Amino acid sequence: QLQLVESGGGLVQPGGSLRLSCAASGFSLRDYVMGWFRQAPGKEREGVSCTPESDGRSYYADYVKGRFTISRDNDKNTVYLQMNTLEPEDTAVYYCAAAPLITIATMACAREGFRSWGQGTQVTVSS
């Protein structure tokens with residue numbers, strides 16, 4: 001069965017960096033749209049970054065552009081989210097998600113377009 005497992009979260013000071021990893025099993029990443037989402041307490045889950053097979057068409061939320069980078073290693077069947085210059089506002093649970101088709105929703109990095117989700121990893125940015 002399709003499974004996604006996130007790792008790499010933790011506590012980091014403002015201005016610091018983290019790299020999140022999402023290891024996939026039961027399917028090949030190269031055939032899926034992959035996305036990173038985050039959800040803070042009391043807030044809706046929001047799309048951070050999503051990528052089809054072509055990284056050149058990756059989506060980034062405005063608040064992370066220039067700071068976060070999504071990438072994938074198809075040989076390792078893993079997708080990454082490199083997060084730099086982290087801010088307290090980035091504090092949230094970060095989720096990895098996968099979708100088998102490119103759709104309007106997945107291109108917009110909308111959560112309703114993704115059917116498979118990981119358990120999430122906590123990212124806390126605080127001094």
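R45 lies over the face of Y95, 3.8 Å from the ring centre. The charged end of R45 also sits over the ring of W117, at 4.8 Å from its centre. The criterion: NZ of Lys or CZ of Arg within 6 Å of the ring centre and within 35 degrees of the ring normal.

This is a predicted model: local features need pLDDT of at least 70, side-chain atom pairs need 80 or more, and totals for chains, interfaces and linings use all residues. Residues are numbered from 1 along each chain as its sequence is written, and side-chain values use heavy atoms, without hydrogens and water.

W117 also belongs to one aromatic cluster with F37 and F114. F37 and F114 pair edge-to-face, 5.2 Å centre to centre, with 75 degrees between the planes. Rings of Phe, Tyr and Trp (its six-membered ring) pair if their centres lie within 6.5 Å; planes under 30 degrees apart are stacked, over 60 edge-to-face, the rest tilted. F37 lies in strand β4 (residues 33-39) and F114 in the loop between α1 (104-107) and β10 (116-117), so the pair ties together parts 77 residues apart in sequence. Helices (H or I, at least four residues) and strands (E, at least two) are DSSP runs, numbered from the N terminus.

F37 and F114 are both buried, meaning under 20% relative accessible area with a 1.4 Å probe, protein chains only. In β4, six of seven residues are buried.

Now the neighbours of β4. Seven bridges join β4 to antiparallel β9 (residues 92-99); pairing takes at least two DSSP bridges. G35 stands opposite A97 in β9. Five bridges link β4 to β5 (residues 46-51), again antiparallel. There, R38 has E46 as its bridge partner.

Technical notes. Buried means under 20% relative accessible area, exposed over 50%, partly exposed in between (1.4 Å probe, protein chains only).
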